[in-house]
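User: Got a model here I'd like to walk through with you. Can we start with what the terms mean, then go to the details?

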Amino acid sequence: MSLDHSGKPAVAPNDLSAFWMPFTANRQFKQNPRMLVASKDMHYTSADGRQVLDGTAGLWCCNAGHCRPKIVEAIQKSAAELDYAPAFQMGHPAAFELANRLVDMSPDGFDHVFFTNSGSESVDTALKIALAYHRARGEGQRTRLVGREKGYHGVGFGGISVGGLVNNRRVFGTLLNGVDHLPHTYLPEENRWSKGIPEHGAWLAEDLERKIALHGADTIAAVIVEPVAGSAGVILPPKGYLEKLREITKKHGILLIFDEVITGFGRLGTPFAADFFGVMPDMMTTAKGLTSGTVPMGAVFTTGDVHDAFMTGPEHMIELFHGYTYSGSPIACAAALATQDIYREEGLFQRAAEIAPYWEEALHSLKGTKHVIDIRNLGLIGAIELEPIPGEPTKRAFSAFLKAYEKGILIRTTGDIIAMSPPLIIEKEHVDQLVGTIKDVLEALD
Ligand SMILES: Cc1ncc(COP(=O)(O)O)c(C=O)c1O
């Protein structure tokens with residue numbers, strides 16, 4: 001399909017049946033397709049030639065905005081220079097350069113990164129490292145993993161096992177053994193209309209002590225949580241909650257993994273959520289914003305302690321039997337390096353922090369709008385929760401999504417919650433357009 005940045009309509013393919021689309025209502029979509037054909041900065045161009053304001057940074061990933069020339073050129077150059085290099089027993093300079101850059105920008109204590117191709121792979125990698133780490137230290141009986149209700153950790157078997165969204169789990173069999181879940185921190189009664197971090201619910205972290213009392217600390221390898229949960233409809237950690245989890249895991253020799261796939265790379269106005277909350281986990285899983293969504297890539301950050309536990313045995317032996325053909329592929333590394341340059345040169349994380357109060361006020365101005373029963377926000381994340389239509393959950397929010405797209409903004413819905421996570425280059429006028437359009441859409445909706 002030919003693309004045109006001036007917004008000229010591009011030709012749509014006439015047969016949509018072969019592509020089985022992910023996490024999509026395929027039959028609904030194919031009757032009335034929503035095709036994007038180009039993108040630039042804060043906007044997409046639709047196949048019918050409209051400019052659509054991106055309220056979701058693609059899928060929480062295009063943090064630097066769209067089609068940034070520096071990233072485009074880096075990808076083009078790398079593709080022409082070194083298209084691919086074997087990831088196992090061979091290297092290429094950009095992967096080492098990127099790993100160093102990432103370690104430098106991460107909280108003190110993270111010394112190593114393992115490259116993957118997605119958030120799901122980062123999660124499964126971190127879970128495997130956790131299990132193997134304990135084994136390497138002679139504590140191989142630590143095989144249990146603890147996730148959280150309503151958690152989303154991608155779609156690999158590890159990720160859906162520790163994840164807590166029922167639709168992502170229930171038709172896929174028995175999943176991993178030995179997984180337990182903490183209670184979620186969604187407390188609508190206590191925390192409704194909260195601006196920023198909600199006050200109530202730190203006590204929910206104490207449930208980990210009950211899990212430990214039930215299973216025995218020495219059987220638990222790791223606890224994994226999203227510092228801020230996105231896919232479940234933006235669930236924020238109550239004040240003191242992450243600190244408490246850190247305290248309990250540390251006390252019992254359990255690794256703490258932050259799934260920073262959406263919070264990594266500036267979403268909260270800091271490089272990582274670990275920086276924002278001042279809580280240092282043992283591993284962080286990332287993807288998405290690493291390359292600003294341009295080339296699939298993920299990275300797992302580990303501390304020296306975790307990494308060094310593997311660096312034993314004969315030096316000619318592989319220390320970790322894990323990796324992907326495309327771990328740290330040259331084009332992905334080039335995209336990531338250029339992305340990190342943009343973040344730094346344009347101070348985009350700081351920018352996100354600066355516009356966050358305006359974002360917060362604009363979102364909360366929707367209080368009182370038809371159907372709205374809660375609003376939550378943190379950094380450049382926002383959620384508007386709607387009263388579900390009785391007996392037809394998700395339908396009202398999905399209708400809002402369709403109407404909003406017609407009116408020129410891209411939002412995302414999960415359940416009856418509108419979730420937003422715009423590119424970090426967003427300007428105040430874009431915030432106004434997003435919020436104003438949502439208001440109009442909701443007021444007109446049954
Ligand atoms: C917290 C979290 N973990 C993991 C993933 C999975 O990432 P991917 O879709 O790149 O596999 C996501 C995706 O939204 C996510 O939000």
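Predicted model: local features only at pLDDT ≥ 70, side-chain atom pairs only at ≥ 80, totals over all residues.

User: Good. Is L175 buried or exposed, then?
Analyst: L175 has a relative accessible area of 16%, so it counts as buried.

User: Where does L175 sit?
Analyst: L175 lies in the loop between α7 (166-169) and β6 (179-182). Its backbone is worth a look too. L175 has a positive phi of about 60°, although it is not a glycine.

User: What about the phi of H371?
Analyst: H371 is not a glycine, yet its phi is positive, at about 75°. You'll find H371 in the loop between α14 (348-364) and β11. H371 has 15% relative accessibility, so it is buried.

User: Let's move on to β11. How many of its residues are buried?
Analyst: Six of the seven residues of β11 (residues 372-378) are buried, so the strand is largely enclosed by the rest of the structure.

User: Which strand does β11 pair with, and in what sense?
Analyst: β11 pairs with β12 (residues 381-386). The sense is antiparallel, over six bridges. In one of them, D374 has E385 of β12 as its bridge partner.

User: Switching to the open sheet. What's the strand order?
Analyst: The order is β1-β2-β3-β13, four strands with mixed pairing. The edge strands are β1 (36-40) and β13 (409-410), and each pairs on one side only.

User: How do β2 and β3 pair?
Analyst: β2 (residues 43-46) and β3 (residues 51-54) are antiparallel, with three bridges. Y44 has V52 in β3 as its bridge partner.

User: Now aromatics. How many aromatic pairs are there in the whole structure?
Analyst: A search of the whole structure gives eight aromatic pairs. One of them is Y343 with F349, which is tilted. Their rings are 5.0 Å apart centre to centre, with 45° between the planes.

User: Are Y343 and F349 buried or exposed?
Analyst: Y343 is at 3% relative accessibility, so it is buried. F349 has a relative accessible area of 11%, so it is buried as well.

User: Which residues make up the aromatic cluster with F110?
Analyst: F110 forms one aromatic cluster with F265, F272 and F301.

User: What sits over the ring of Y405?
Analyst: The charged end of R50 does. R50's charged end is 4.9 Å from the centre of the Y405 ring.

User: Last topic, the second largest pocket. What volume does it have?
Analyst: The second largest pocket has a volume of about 1200 Å³. Elements giving two or more residues to its lining are α4 (93-105), β4 (110-116) and α12 (304-308).

User: How many residues line that second largest pocket, and which lie nearest its centre?
Analyst: There are 36 lining residues. Nearest the centre are A87, V113, F114, E319 and H322.

User: And how does the lining of the second largest pocket divide into nonpolar, polar and charged?
Analyst: The lining has 21 nonpolar residues, 12 polar and three charged.

Note on methods:
Residues numbered from 1 in each chain as written. Heavy atoms only, no water. Phe/Tyr/Trp six-rings, centres within 6.5 Å; stacked < 30°, edge-to-face > 60°. Buried < 20%, exposed > 50% of the residue type's maximum accessible area, 1.4 Å probe, protein only. Lys NZ or Arg CZ within 6 Å of the ring centre and 35° of its normal. 1 Å grid on protein atoms, 1.4 Å probe; cavity = no way out; pocket = protein on both sides within 12 Å on 5 of 7 lines; lining within 4 Å. Points joined across faces, edges and corners; volume = space filled by probe spheres on them. Nonpolar A, V, L, I, M, F, W, Y, C, P; charged D, E, K, R; others polar. Pairing = 2+ DSSP bridges.
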